[in-house]
Amino acid sequence: MDALTKELAALDARSLRRRLQVVDEVLPGGKVRVAGQVRLNLSSNDYLGLSQDPRVIAAAQAAAAKWGAGAGASRLVVGHLALHEAVEARLADFKGTEAAVIFPTGYMANVGTSSALVGPGDVIFSDRLNHASIYDGIKLSGAAVQRFPHRDLNRLEQLLREAGAARRRLIVTDSVFSVDGDLAPLADLAALKARYGAWLMVDEAHATGVLGAKGGGLAEALGLTREVDIHLGTFSKALGSQGGFVAGDRRLVDYLHNRARSFIYSTALAPMVLGAIDQALQIVVQEPERRLFLRRESENFRQDLLSAGLDILGSETQIIPVLVGENDRTLEFAARLMDQGLMAVALRPPTVPPGRARVRFSLSAAQAEDDLSRAREVIVATARAMGLGS
Ligand SMILES: *Cc1c(COP(=O)(O)O)cnc(C)c1O
């Protein structure tokens with residue numbers, strides 16, 4: 001344990017040590033009670049507030065009452081309940097695809113899918129800023145990886161050309177990037193994948209429920225559903241509960257049932273979670289006003305920070321970073337906001353490159369306009385007091 005103590009001390013010395021923060025209570029309006037103080041939660045992925053929606057909670061309770069607290073087995077053994085079947089059908093309809101498969105988490109969907117689809121002798125082309133679970137899937141797959149600079153299509157095309165006759169080629173991208181809040185150039189990626197005979201896999205974790213007329217994500221918003229081969233997403237963010245998924249061609253889903261180890265060797269998602277997902281999917285489709293509110297408030301937020309001369313790194317969504325730079329100043333910015341009732345996280349290396357530490361804000365449709373406009377004022381004033389922006 002002495003070796004671990006030393007490593008932790010080294011992290012501390014570089015302002016890189018992470019600690020768990022207890023949330024004592026989850027409150028309405030997108031607020032939490034932490035360390036005895038009620039704070040506006042600007043760090044949550046519960047973008048539509050559905051984790052607290054009484055209809056979603058009731059559906060989870062009803063599913064538990066009917067089916068039990070757990071599924072009892074993995075999907076291929078005897079854990080594939082009629083509930084899983086029904087929710088996957090609803091999900092495929094929501095995504096506009098032939099079929100869909102649910103994994104226990106989004107992390108497991110990524111790890112299981114990449115490692116099933118490609119292997120040694122194949123090449124994966126991955127945007128540098130893709131989520132860690134994509135990189136873990138790549139590592140597990142044993143395929144060669146070509147990381148291209150963030151959204152750099154010229155470099156990607158060059159790498160595709162150089163990869164030549166590789167057995168299988170997979171282009172993978174987040175649709176909304178979780179650290180910068182910007183969007184993938186999806187139409188161009190689709191054109192490249194067609195030109196070079198590659199597959200295109202899109203992780204819509206932060207876009208599901210948020211983008212598109214029905215909330216299906218960026219591919220839906222851009223009319224590119226058919227161009228994307230592998231649609232990945234999670235129920236753990238805007239959908240408010242837990243679980244990951246892949247949607248696409250029936251053959252893709254059948255193949256994953258047979259080859260995705262994180263699907264095969266893990267217990268089926270609990271019935272209560274399926275109940276929550278089923279209800280949340282209906283609300284997402286039927287209540288577009290939630291994402292419209294989120295979009296409008298996000299625009300106001302970005303506008304006010306930009307007007308204050310802050311660097312929001314090209315954010316186009318409800319995820320809005322403010323670049324600070326050094327780790328200790330970033331921690332100080334977050335701590336000052338904390339003291340004023342705002343909960344926001346400092347993102348430091350290795351999540352972001354050295355010298356590019358930032359505080360990331362994410363908004364929720366559960367939050368009141370007044371609370372959000374006050375938050376913007378506090379952020380701008382605090383940044384100014386610290387000499388950030390102009
Ligand atoms: C959060 C996230 C995941 C992981 O999803 P979980 O359901 O939390 O495991 C995967 N990909 C991206 C882009 C994410 O942001």
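The largest cavity has a volume of about 50 Å³. A search of the whole structure, which is a predicted model, finds 1 cavity of 30 Å³ or more.

**The largest cavity**
- The residues that line the largest cavity are R75, H84, I102, F103, P104, S262, F263, S266, T267, A268 and L269.
- Strand β4 (99-103) and helix α11 (261-264) are the elements that give two or more residues to this lining.
- Sorted by class, the lining of the largest cavity holds 6 nonpolar, 4 polar and 1 charged residues.

**The second largest pocket**
- The second largest pocket holds about 360 Å³ of space.
- It is lined by 16 residues, and R226, V228, D229, G248 and D249 are the closest to its centre.
- Two or more lining residues come from each of β9 (230-234) and α10 (250-259).
- Helix α10 provides the largest share of the lining, 3 residues.
- The lining of the second largest pocket is made up of 6 nonpolar, 5 polar and 5 charged residues.

**Helix α5**
- Helix α5 covers residues 106-117, which makes 12 residues.
- From its first C-alpha to its last, α5 reaches 16 Å, close to the 16 Å expected at 1.5 Å a residue.
- Most of α5 is covered, with 10 of its 12 residues buried.
- The buried residues are G106, M108, A109, N110, V111, G112, T113, S114, A116 and L117.
- At the start of α5, the backbone nitrogen of Y107 has a side-chain oxygen of T105 within 3.3 Å.

- Strands in a sheet are held in pairs by backbone hydrogen bonds, in either a parallel or an antiparallel sense.
- The pairing of β3 (residues 37-41) with β12 is parallel and runs over 2 bridges.
- Residue N41 stands opposite M343, which belongs to β12.

Key: Residues are numbered from 1 along each chain as its sequence is written. This is a predicted model: local features need pLDDT of at least 70, side-chain atom pairs count only at pLDDT 80 or more; totals for chains, interfaces and linings use all residues. Side-chain values use heavy atoms; hydrogens and water are left out. Two strands pair if DSSP finds at least two bridges between them. Helices (H or I, at least four residues) and strands (E, at least two) are DSSP runs, numbered from the N terminus. The expected span of a helix is 1.5 Å times one less than its number of residues. Buried means under 20% relative accessible area, exposed over 50%, partly exposed in between (1.4 Å probe, protein chains only). A polar contact is a pair of N or O atoms within 3.5 Å; within protein, one must be able to donate a hydrogen and the other to accept it, and residues adjacent in sequence count only if both atoms are side-chain atoms. On a 1 Å grid over the protein atoms alone, a cavity is a set of points where a 1.4 Å probe fits but cannot get out, and a pocket is an open set with protein on both sides within 12 Å along at least five of seven lines; lining residues have an atom within 4 Å of a point. Grid points are joined across faces, edges and corners, and a volume is the space filled by probe spheres set on the points. Ala, Val, Leu, Ile, Met, Phe, Trp, Tyr, Cys and Pro count as nonpolar, Asp, Glu, Lys and Arg as charged, and the others, Gly among them, as polar.
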